[in-house]
Amino acid sequence: MKSLNDSLREEFNTILAKEEFLEKIQIDGLDINVLNKAFDVLLKFKYDSDLTDRARGEFENYLINYFRTKNY
């Protein structure tokens with residue numbers, strides 16, 4: 001039986017696999033692994049409604065720091 005996180009990851013990966021997103025990812029040179037790790041940060045905090053804002057902030061910080069290190 002799949003967990004809720006597994007279902008959410010599957011849905012996220014389905015969205016990332018769509019042609020328009022794949023094209024954007026390729027054009028911008030994004031790393032799918034980084035996007036998946038950032039999504040995992042969101043999942044980590046989703047169970048506690050008090051941490052929803054923190055989850056969003058952590059997601060944004062993860063991506064911002066990644067892009068800074070890659071000089072995007």
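Predicted model: local features only at pLDDT ≥ 70, side-chain atom pairs only at ≥ 80, totals over all residues.
Reader: Which residue forms a salt bridge with Asp40?

Author: Start with the general idea. Side chains of opposite charge can pair when their charged atoms come close. Here Asp40 pairs with Arg9, and the closest N and O atoms are 2.8 Å apart.

Reader: How should I class Arg9, buried or partly exposed?

Author: Arg9 is partly exposed, with a relative accessible area of 30%. Asp40, at 31%, is partly exposed too.

Reader: Which residues are linked with Arg9 in a network of salt bridges?

Author: Look for a residue that takes part in a network. Asp6, Arg9 and Asp40 are linked in this way.

Reader: How many salt bridges does the structure hold?

Author: The count is 4. One of them joins the side chains of Lys2 and Glu10, at 2.6 Å from N to O. Lys2 is partly exposed, with 46% relative accessibility. Glu10 is also partly exposed, at 43%.

Reader: What separates Asp28 and Lys24 in helix α2?

Author: Read the sequence spacing first. Asp28 and Lys24 are 4 residues apart in helix α2 (residues 19-28), which means about one helical turn separates them. These two residues form a salt bridge, with the closest N and O atoms 2.7 Å apart. Asp28 has 29% relative accessibility and counts as partly exposed. Lys24 is partly exposed as well, at 48%.

Reader: Now the charges as a whole. How many positive and negative side chains does the protein have?

Author: Compare the two sets, then their centres. The protein has 11 positive and 14 negative side chains. The centres of the two sets lie 4 Å apart.

Reader: Next, the aromatic rings. How many aromatic pairs does the structure hold?

Author: The structure holds 1 aromatic pair. Phe12 and Phe39 form this pair, with 4.1 Å from centre to centre and 5° between the planes. Planes under 30 degrees apart count as stacked, and the pair of Phe12 and Phe39 is stacked.

Reader: Where in the chain do Phe12 and Phe39 lie?

Author: Check the elements, then the spacing. Phe12 lies in helix α1 and Phe39 in helix α3. The two are 27 residues apart, and the pair links distant parts of the chain.

Reader: Are Phe12 and Phe39 buried or exposed?

Author: Apply the cut-off again: buried means under 20% relative accessible area. Both Phe12 and Phe39 are buried.

Reader: What share of the residues of the protein count as buried?

Author: Of the 72 residues, 19% count as buried. The accessible surface comes to about 5,600 Å². Carbon and sulfur atoms contribute 53% of that surface.

Reader: Which elements make up the protein, and in what order do they run?

Author: Count helices and strands, then read from the N terminus. The protein has 4 helices and 0 strands. The order is α-α-α-α. The C-alpha trace spans about 35 × 30 × 15 Å along its principal axes.

Reader: What share of the contacts comes from residues 24 or more positions apart?

Author: Take the contacts with a separation of 6 or more. Residues 24 or more positions apart account for 50% of these contacts.

Note on methods:
Residues numbered from 1 in each chain as written. Heavy atoms only, no water. Buried < 20%, exposed > 50% of the residue type's maximum accessible area, 1.4 Å probe, protein only. Contact = heavy atoms within 4.5 Å. Areas by Shrake-Rupley, 256 points an atom, 1.4 Å probe, with all protein chains shown as cover. Lys, Arg positive; Asp, Glu negative; His and termini not counted. Charge placed at Lys NZ, Arg CZ, Asp CG, Glu CD. Phe/Tyr/Trp six-rings, centres within 6.5 Å; stacked < 30°, edge-to-face > 60°.
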